[in-house]
Amino acid sequence: MSSSGKVLMSWIVLGAFVASAAFVLVADPEAQAVHAAESAGLTDVNVEGWAWFGCGEDDDFRYNVSATNINGSHVDATVCCGVIKSCTVRY
């Protein structure tokens, strides 16, 4: 295979990876937000709606959530997710 063929194949593989990652996140972004909050130690997570503020410009999905923290207290948080990056929970 020529070097230009190898470069083209590399771009095709990269494109397929990005497309599959985007599909997984876009398939159910609210479920991703709940999973991220639960992974951060929160329980009884409820998605309250779209978060207009509190996330970075690279975040494609952003949700306000309410949950119970490890101490049993009610907390409100924002879950920020990007197609290329993972989700983060911000308090």
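Q: What pattern do the disulfides of the protein chain follow?
A: In this predicted model, the disulfides follow the pattern 1-2, 3-4, with bonded cysteines counted along the chain. The structure holds two disulfides.

Q: Which cysteine is joined to Cys55?
A: Cys55 is joined to Cys80, with an S to S distance of 2.0 Å. This pair links distant parts of the chain: Cys55 lies in the loop between β1 and β2, Cys80 lies in strand β3, and the two are 25 residues apart.

Q: Is that disulfide left-handed or right-handed?
A: The disulfide of Cys55 and Cys80 is left-handed, because the torsion about its S-S bond is about -80°.

Q: And the disulfide of Cys81 and Cys87, left-handed or right-handed?
A: That disulfide is right-handed, since its S-S torsion is about 110°. The S to S distance between Cys81 and Cys87 is 2.0 Å.

Q: Which of these cysteines are buried, and which are partly exposed?
A: Cys80 is buried at 0% relative accessibility, and Cys81 is buried at 0%. Cys55 also counts as buried, at 16%. Cys87 is partly exposed, with a relative accessible area of 21%.

Q: Moving to Asp59, where is it found?
A: Asp59 is found in the loop between β1 and β2.

Q: Is Asp59 buried or exposed?
A: Asp59 is buried, with a relative accessible area of 5%.

Q: What does the side chain of Asp59 reach?
A: The Asp59 side chain reaches the backbone nitrogen of Gly56 at 2.8 Å. The side chain of Asp59 also makes a polar contact with the side chain of Lys85, at 2.9 Å.

Q: Which residues is Asp59 in contact with, leaving aside neighbours within four places in sequence?
A: Those residues are Cys80, Cys81, Gly82, Lys85 and Arg90.

Q: Changing topic, how many aromatic pairs does a search of the whole structure find?
A: The search finds two aromatic pairs. The rings of Trp50 and Trp52 have their centres 6.3 Å apart and their planes at 70°, so this pair is edge-to-face. Trp50 and Tyr63 form an edge-to-face pair as well, at 5.6 Å centre to centre with 80° between the planes.

Q: Where do Trp50 and Tyr63 sit in the chain?
A: Trp50 is in strand β1 (residues 43–50) and Tyr63 is in strand β2 (residues 61–68), so to speak of the pair is to speak of distant parts of the chain, 13 residues apart. Ring pairs link Trp50, Trp52 and Tyr63 into a cluster.

Q: What about the largest nonpolar core: how many residues has it?
A: The largest nonpolar core has 13 residues, and those with the most contacts inside it include Ala37, Leu42 and Val65. α2, β2 and β3 (74–81) each supply at least two residues of this core.

Q: What does Leu42 touch, not counting residues up to four places away in sequence?
A: Leu42 touches Ala37, Ala67, Thr68, Asn69, Val75, Val89 and Tyr91.

Q: Which residues of helix α2 are buried?
A: In α2 (residues 29–39), Pro29, Ala33, Ala36 and Ala37 are buried. Seen down the helix axis, these buried residues fall within an arc of 95°, so they line one face of α2.

Q: What follows α2?
A: Gly41 follows α2, and the phi of Gly41 is positive, near 100°.

Conventions: Residues numbered from 1 in each chain as written. Heavy atoms only, no water. Buried < 20%, exposed > 50% of the residue type's maximum accessible area, 1.4 Å probe, protein only. Helix = DSSP H or I, 4+ residues; strand = E, 2+ residues; numbered from the N terminus. Arc of directions from axis to C-beta. Phe/Tyr/Trp six-rings, centres within 6.5 Å; stacked < 30°, edge-to-face > 60°. Core = buried A, V, L, I, M, F, W, Y, C linked by side-chain atoms within 4.5 Å. Contact = heavy atoms within 4.5 Å. Polar contact = N/O pair within 3.5 Å; in protein donor to acceptor, adjacent residues only side chain to side chain. Disulfide = S-S within 2.5 Å.
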